[in-house]
Amino acid sequence: MMTLSRENQTMIVEFVLQGFSSILQLNISLFIVFFIFYILTVSGNILIVLLVLYNHTLHTPMYFFLVNLSFLEVCYTSNIVPKMLLIIIADQKTISVVGCLAQFYFFGSLAATECLLLAVMSYDRYLAICQPLRYPILMTGSLCLRLATGSWFCCFLLTAITMVLLCRQTFCGPNEIDHFFCDFTPLIHLSCMDTSLTETIAFATSSAVTLVPFLLITVSYSCILIAILRIPSGTGRRKAFSTCSSHLTVVTVFYGTLIATYLVPSANSSQYLRKGFSLLYTILTPMFNPIIYSLRNRDIHEALKKCLSKKPGFLI
């Protein structure tokens, strides 16, 4: 602890993440399950990245954005799960204020980037289905690079605004966070200063990077649905829908869990529910994304068969 001379208060230098302390008897089981999920998430998403990088037939805009999404999922889950596993199995619940703020910054930035990437991917599917003849001209390599880079840069920059305001807050007790990672709401509640400006800016920026992409996704898929319904043959409609069904499933799962998490009541009785929903979008959704994209994707199947038919070490 460090004493503030001018305010006769004790400034916190570390937080205590409660995690799942109320169910200690399940710690070993939770550790095994979450560890397996983490390994599957990282290996599945890295496999998608390597398959796309080493197969020239997959060097298209759709798979370029998929590589960005898979890389993001690896960073996203690695920012939270390793510390959570330490909390569960080693009872290392403390985290420095700097470490907690850094975890929140990367969590917020990566979550926002995923929202924008999903919107960019829906725009890509819109052009592919609604304007197929102009698609190669419109969705060029340089445009893909600008869209992806812009998504990453804008979200990390916007989250930095909230981070600057958070860093100016003074945390002087209590220092316990009833969560398994440093989220904004439980973190801001520990501040002993006026947080109205910080909360307003955080609400504005988070709304901008979640609601605007969601509206763009809704508009894109409305146009896609209209275009698919105009296709005369049933086979053509099924083929057109199959090219965007995986992305639509990922969008539904991601936004569904995000909305459910942050719309549930904030009362203490719902804290278990909040943690449960948080597990969905921090662990399960990143794990299921590579599965969803590969289950009905013939290109991924063919690329995987081609790689498996080669000699061991083909990725080296």
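Colleague: Why does leucine 215 count as exposed?

Modeller: In this predicted model, leucine 215 has a relative accessibility of 55%. Exposed means over 50%, so leucine 215 counts as exposed at its 55%.

Colleague: Where is leucine 215 found, and how far is leucine 215 from alanine 119 in space?

Modeller: Leucine 215 is found in helix 8.

Colleague: What makes helix 6 and helix 8 roughly antiparallel to each other?

Modeller: Helix 6, residues 141–167, packs with helix 8, residues 196–229, at an angle of about 170 degrees. Angles over 145 degrees count as roughly antiparallel, and the two helices are therefore roughly antiparallel to each other. Their axes are 9 Å apart.

Colleague: Which residues meet in the contact of helix 6 with helix 8?

Modeller: Helix 6 contributes Cys155, Leu158, Ile161, Thr162, Leu165 and Leu166. These meet Leu197, Thr198, Ile201, Ala202, Thr205 and Val209 in helix 8. By class, the residues of this contact divide into 9 nonpolar, 3 polar and no charged.

Colleague: What does UniProt list as "transmembrane region", and how much helix do residues 201–228 hold?

Modeller: The unreviewed UniProt entry lists residues 28–53, 65–90, 102–123, 143–166, 201–228, 240–264 and 276–295 under that name. In the model, residues 201–228 are 100% helix and 0% strand, with end C-alpha atoms 40 Å apart. Residues 65–90, also listed in the entry, are 88% helix and 0% strand, and their end C-alpha atoms lie 37 Å apart.

Colleague: Is histidine 247 buried or exposed, and how do you know?

Modeller: Histidine 247, in helix 9 (residues 234–263), has a relative accessibility of 3%. Buried means under 20%, so histidine 247 counts as buried at 3%.

Colleague: What lies around histidine 247?

Modeller: Not counting residues up to four places away in sequence, histidine 247 touches Leu118, Met121, Ser122, Tyr221 and Tyr293. A polar atom of the histidine 247 side chain lies 2.9 Å from the backbone oxygen of leucine 118.

Colleague: What makes that pair a polar contact?

Modeller: The limit for such a pair is 3.5 Å, and the distance between the side-chain polar atom of histidine 247 and the backbone oxygen of leucine 118 is 2.9 Å.

Colleague: Why does isoleucine 95 count as buried?

Modeller: Isoleucine 95 lies in strand 4, residues 94–96. Its relative accessibility is 11%; buried means under 20%, and isoleucine 95 therefore counts as buried. Leaving aside neighbours within four places in sequence, isoleucine 95 is in contact with Glu14, Phe15, Leu17, Lys83, Cys100, Gln103 and Cys182. Leucine 17 is 78 residues away in sequence, yet 7.4 Å away in space, C-alpha to C-alpha.

Colleague: Why is glutamine 18 called buried?

Modeller: Glutamine 18 has a relative accessible area of 17%. That value is set against a cut-off of under 20%, so glutamine 18 is buried. Glutamine 18 has its place in the loop between strand 3 (14–17) and helix 1 (27–53). With neighbours within four places in sequence left aside, its contacts are Ile87, Lys93, Glu176, Ile177, Asp178 and His179.

Colleague: What share of the protein chain is buried, and how many helices and strands does the chain have?

Modeller: Buried residues make up 47% of the 316 residues, and the chain has 11 helices and 5 strands. Among contacts between residues at least 6 apart in sequence, 75% join residues at least 24 apart.

Key. Residues numbered from 1 in each chain as written. Predicted model: local features only at pLDDT ≥ 70, side-chain atom pairs only at ≥ 80, totals over all residues. Heavy atoms only, no water. Axes fitted to C-alpha atoms, helices over the stretch in contact; angles between N-to-C directions. Helix = DSSP H or I, 4+ residues; strand = E, 2+ residues; numbered from the N terminus. Parallel < 35°, antiparallel > 145°, perpendicular 65-115°, else oblique. Contact = heavy atoms within 4.5 Å. Nonpolar A, V, L, I, M, F, W, Y, C, P; charged D, E, K, R; others polar. Buried < 20%, exposed > 50% of the residue type's maximum accessible area, 1.4 Å probe, protein only. Polar contact = N/O pair within 3.5 Å; in protein donor to acceptor, adjacent residues only side chain to side chain. UniProt positions renumbered as here; feature names shortened; annotations may be inferred.
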